Amino acid sequence: MSAGWNGRRPHAPECPCCEDRRLGRRNLIAAGAGLLACAALPGGAEAQAVRGTRRISVQRAYTGDGFTGVYFQDGRYVTEALRRLDWVFRDINREEVTPMDPRLFDVMNAVAARMEANEAFQVISGYRTPETNSRLPGRVSTVSLHMSGMAGDMRLPGRDSYGMARLAASLGLGGVGLYRRDGFVHLDCGQSRRW
């Protein structure tokens, strides 16, 4: 045997029939890590979101305006879709539009995927001007994320609002408020909290 013999057959490594087929420690660890990564990937709609396509379906209560389609694709938000969503989420009392934070749509997409919901979110309230916010009855936050385009009040028709709120809170993606008497859920893309 010559010096430098490593126990492998003395053929070129390009030859697949002569490669050493033993699973070394590094290859075993790499294979295990690959299996774990595959097992951790979500299925269905969640997998689609991870791969780069996110869809949402919304309809505005009181106006009937809506959007159904892709708002995120190939690693970026779709500008025209966001523009249309901004219109649906506008302050309908003042007919004022603001750019909504697209992370709100990501929260909604995640909730819909986990609930396996195909129906449109019914949006009760999206963006609010400070004037609209101050005129709401009851105790209303003076620093509401609605005024920053980061929040929406909504329901999924035919779905339990309590179940939707619990699921959304378990995701930890933002704020979740349950308004059980009115049958809707507040979702936002701010800090994770619940009420």
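**Close-up views of a predicted model**

**View 1. Strands S1 and S4 pair in the parallel sense, with 3 bridges between them.** Helices (H or I, at least four residues) and strands (E, at least two) are DSSP runs, numbered from the N terminus, and two strands count as paired if DSSP finds at least two bridges between them. Here Gln59 stands opposite Gln122 in S4. This is a predicted model, where local features need pLDDT of at least 70 and side-chain atom pairs count only at pLDDT 80 or more, while totals for chains, interfaces and linings use all residues. Residues are numbered from 1 along each chain as its sequence is written, and side-chain values use heavy atoms, with hydrogens and water left out.

**View 2. S1 and S2 make a hairpin with 5 residues between them.** S1 covers residues 53-60 and S2 residues 66-73, and the two run antiparallel, joined by 7 bridges. Look for Gln59 again: its bridge partner in S2 is Gly66. In the turn, Tyr62 has a positive phi of about 80°. How much of S1 is buried? Because 6 of its 8 residues are buried, S1 is largely enclosed by the rest of the structure. (Buried means under 20% relative accessible area, exposed over 50%, and partly exposed in between, using a 1.4 Å probe and protein chains only.)

**View 3. Phe121 sits in strand S4, which spans residues 121-125.** With 2% relative accessibility, Phe121 counts as buried. Leaving aside residues up to four places away in sequence, its contacts (heavy atoms within 4.5 Å) include Ser57, Val58 and Gln59, as well as Met108, Val111 and Met154. Met154 is 33 residues from Phe121 in sequence, yet their C-alpha atoms are 6.3 Å apart in space.

**View 4. Asp65 and Arg90 meet through their side chains in a salt bridge, 2.8 Å from N to O.** A salt bridge here is a side-chain nitrogen of Lys or Arg within 4 Å of a carboxyl oxygen of Asp or Glu. This pair links distant parts of the chain, 25 residues apart: Asp65 is in the loop between S1 and S2, and Arg90 is in the loop between helix H3 (79-88) and helix H4 (102-115). Arg90 is buried at 4% relative accessible area, whereas Asp65 is partly exposed at 21%. Together with Glu95, the two belong to a network of salt bridges.

View 5. Glu80 is partly exposed, with a relative accessible area of 42%.

**View 6. Asp153 and Arg128 form a salt bridge, with their closest N and O atoms 3.0 Å apart.** Asp153 is in strand S5 (residues 151-155) and Arg128 is in the loop between S4 and helix H5 (130-134), so the pair ties together parts 25 residues apart in sequence. Asp153 is buried at 5%, and Arg128 is buried at 10%. Across the whole structure, a search finds 9 salt bridges.

**View 7. The largest pocket has 30 lining residues.** Among the residues nearest its centre are Arg128 and Asp153, plus Leu136, Val140 and Tyr179. The elements giving two or more residues to this lining are S4 and strand S7 (184-188), and S7 has the largest share, 3 residues.

Definitions and conventions: On a 1 Å grid over the protein atoms alone, a cavity is a set of points where a 1.4 Å probe fits but cannot get out, and a pocket is an open set with protein on both sides within 12 Å along at least five of seven lines; lining residues have an atom within 4 Å of a point.
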